[in-house]
Amino acid sequence: MSKIDFLKEQIIESRDFVNRLVSELPESLWYTIPQGTDSNFAWQIGHLIISQNFHAITCITGRNEEVYKLIPLIDYIKIFNGMGTLHRSVEENLIPTTELKKQLDTVHEICIRNLSLLDDRILSENLEPIPFKHPVANNKYEALSWCFKHEMWHSAEMEAIKRALGHPVKWM
């Protein structure tokens, strides 16, 4: 298996984990911030939308116009950016849960389709130009590797939110 295929599989597996969490929490609870946490499920999903686009698309092949046509990323970056923010929640019905789920799937589909066109030669390349220094990556391999690790980090937060809302951990 090539390195790019391995990274792509890890991104798919981490999203499968997120999708399991999404299926286990009723949408009526997505905007609730449970006691002992600082976030809600809706913010976590929005954050994963913008972060997958950033780490696995923009940093790898540049701005993807299809993503920008389908998702209001400029607005979402203001709402869902996590770098240093203390506010990690969104108000109820700011963005309907069905829209967030559809957009989460859309970015993921574009990401996987985009990665399927690439090979290992790109992995040692510098990131595509971005307006600030990437928080952890210096090359495309590191950005793709961080993408799935970051998603699993947020899966743990989403699991804690789900559990705090009275929905126990389920393993497959």
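A crossing of two helices is left-handed if the near helix is turned anticlockwise from the far one by less than a right angle, and right-handed if it is turned clockwise. Helices (H or I, at least four residues) are DSSP runs, as are strands (E, at least two), and they are numbered from the N terminus. In these terms, α2 passes α4 in a left-handed crossing.

The structure is a predicted model, in which local features need pLDDT of at least 70 and side-chain atom pairs count only at pLDDT 80 or more, while totals for chains, interfaces and linings use all residues. Residues are numbered from 1 along each chain as its sequence is written, and side-chain values use heavy atoms, with hydrogens and water left out.

Helix α2 comprises residues 41–61 and helix α4 residues 73–80; they pack at an angle of about 125 degrees, with their axes 9 Å apart. Axes here are lines fitted to C-alpha atoms, for helices over the stretch in contact, and angles run from 0 to 180 degrees between N-to-C directions. Angles under 35 degrees count as roughly parallel, over 145 as roughly antiparallel, 65 to 115 as roughly perpendicular and the rest as oblique. The angle therefore makes α2 oblique to α4. On the α2 side, the contact (heavy atoms within 4.5 Å) is made by Ala42, Trp43, Gly46, His47, Ile49, Ile50 and Asn53, and on the α4 side by Leu73, Tyr76, Ile77, Ile79 and Phe80. By class, the contact of α2 with α4 has 9 nonpolar, 3 polar and no charged residues. In this classification Ala, Val, Leu, Ile, Met, Phe, Trp, Tyr, Cys and Pro count as nonpolar, Asp, Glu, Lys and Arg as charged, and the others, Gly among them, as polar.

Helix α2 also packs with helix α6 (residues 140–164), at an angle of about 175 degrees and with the axes 9 Å apart. The two helices are therefore roughly antiparallel to each other. Among the residues of α2 that meet α6 are Phe41, Trp43, Leu48, His55 and Cys59, and among their counterparts in α6 are Leu144, Cys147, His150, Met158 and Ile161. The residues of the contact of α2 with α6 divide into 13 nonpolar, 7 polar and 3 charged.

Not counting residues up to four places away in sequence, phenylalanine 41 touches Leu21, Val22, Leu25, Trp30, Met158 and Ile161. Its C-alpha atom is separated by 23 Å from that of proline 135, which is 94 residues away along the chain. Threonine 58 also lies in helix α2 and is buried, at a relative accessible area of 14%. Leaving aside neighbours within four places in sequence, threonine 58 is in contact with Asn53, Arg63, Glu128 and Ile130.

A further helix pair is formed by α1 and helix α5 (residues 97–116), which pack at an angle of about 170 degrees, with their axes 10 Å apart. These helices are therefore roughly antiparallel to each other. In α1, the residues Ile4, Lys8, Ile11, Ile12, Arg15, Val18, Asn19 and Val22 meet Lys101, Leu104, Asp105, His108, Cys111, Ile112, Leu115 and Ser116 in α5. The contact of α1 with α5 divides into 9 nonpolar, 3 polar and 4 charged residues.

Lysine 8 lies in helix α1 and counts as buried at 15% relative accessibility. Apart from residues up to four places away in sequence, lysine 8 touches Ile112, Leu115 and Ser116. Serine 14 lies in helix α1 (residues 3–24) and is buried, with a relative accessible area of 3%. With neighbours within four places in sequence left aside, serine 14 is in contact with Phe148, Glu151, Met152 and Ser155.

The cysteines remain to be considered. A disulfide is a pair of cysteine sulfur atoms within 2.5 Å, and by this rule the count comes to 0 disulfides. The sulfur of cysteine 111 is 5.6 Å from the closest cysteine sulfur, in cysteine 147, which is too far for a bond. Cysteine 111 is buried, at 0% relative accessible area, and cysteine 147 is buried, at 3%.

Key. Buried < 20%, exposed > 50% of the residue type's maximum accessible area, 1.4 Å probe, protein only.
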